[in-house]
Amino acid sequence: MTVTYVIDGSDVTGLDRFWQVIGEAVNGPGGYFGRNLDAFADCLSGGMGTPDDGDFVIEWRDHASSARALGHEETARHVRRLLGRAHPTNRPALQRNLDEALAGHGPTLFDQLVEIIEERTAPGTLRLR
């Protein structure tokens, strides 16, 4: 039986709030489902609340609200935080990502989250509503 996890996109006001919303959708109130992009990708692989057999759907309702909240401005804020603690060899690439986000170009956090879901799950697992 396929399990459906619902994300209410209107509740996503930024990346920190996304982590709370997805955690609660999958694991209930106070639930954890990653707090960074790598952990999120790992959690989608099963064993962190999702069925190990991958038989689940993420239904992202009002995803347009989330796309705005996780747009270039939030992406720039996120990259700035990463830049502050990045290894010196990673800083030039992060700076390019920051410059792109500040100019309103390149992938947003929303784009990255969607890509992770699509790469880590079976086809049809993500439903954008």
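In this predicted model, Arg81 has a relative accessibility of 35% and so counts as partly exposed, since that class lies between under 20% for buried and over 50% for exposed. The side chain of Arg81 meets that of Asp16 in a salt bridge, at 3.6 Å from N to O. Asp16 is in helix 1 and Arg81 in helix 4 (residues 72-85), so this pair ties together parts that are 65 residues apart in sequence. Asp16 is partly exposed as well, at 43% relative accessibility.

The structure holds five salt bridges. The table gives the pairs Asp16–Arg81, Asp42–Arg120 and Glu74–Arg77.

| Asp16 | Arg81 | 3.6 Å |

Glu74 and Arg77 are three residues apart in helix 4, so about one helical turn separates them. Glu74 is buried, with a relative accessible area of 10%, whereas Arg77 is partly exposed at 31%. Glu59, Arg61 and Arg127 are linked in a network of salt bridges.

On the surface, Asp8, Asp11, Glu24 and Asp62 gather in a patch of negative charge. Glu24 belongs to helix 1 (residues 15-27).

The chain as a whole has six helices and three strands, in the order β-α-α-β-α-α-α-α-β. Of its 129 residues, 42% are buried.

Notes:
Residues are numbered from 1 along each chain as its sequence is written. This is a predicted model: local features need pLDDT of at least 70, side-chain atom pairs count only at pLDDT 80 or more; totals for chains, interfaces and linings use all residues. Side-chain values use heavy atoms; hydrogens and water are left out. Patches are made of residues with over 30% relative accessible area and no salt bridge: like charges are joined within 9 Å, nonpolar side chains (Val, Leu, Ile, Met, Phe, Trp, Tyr) within 5 Å. Accessible areas come from the Shrake-Rupley method with a 1.4 Å probe; for residues, only the protein chains shown count as cover. A salt bridge is a side-chain nitrogen of Lys or Arg within 4 Å of a carboxyl oxygen of Asp or Glu. Lys and Arg count as positive and Asp and Glu as negative; His and the chain ends are not counted. The place of a charge is taken as NZ of Lys, CZ of Arg, CG of Asp or CD of Glu. Helices (H or I, at least four residues) and strands (E, at least two) are DSSP runs, numbered from the N terminus. Buried means under 20% relative accessible area, exposed over 50%, partly exposed in between (1.4 Å probe, protein chains only).
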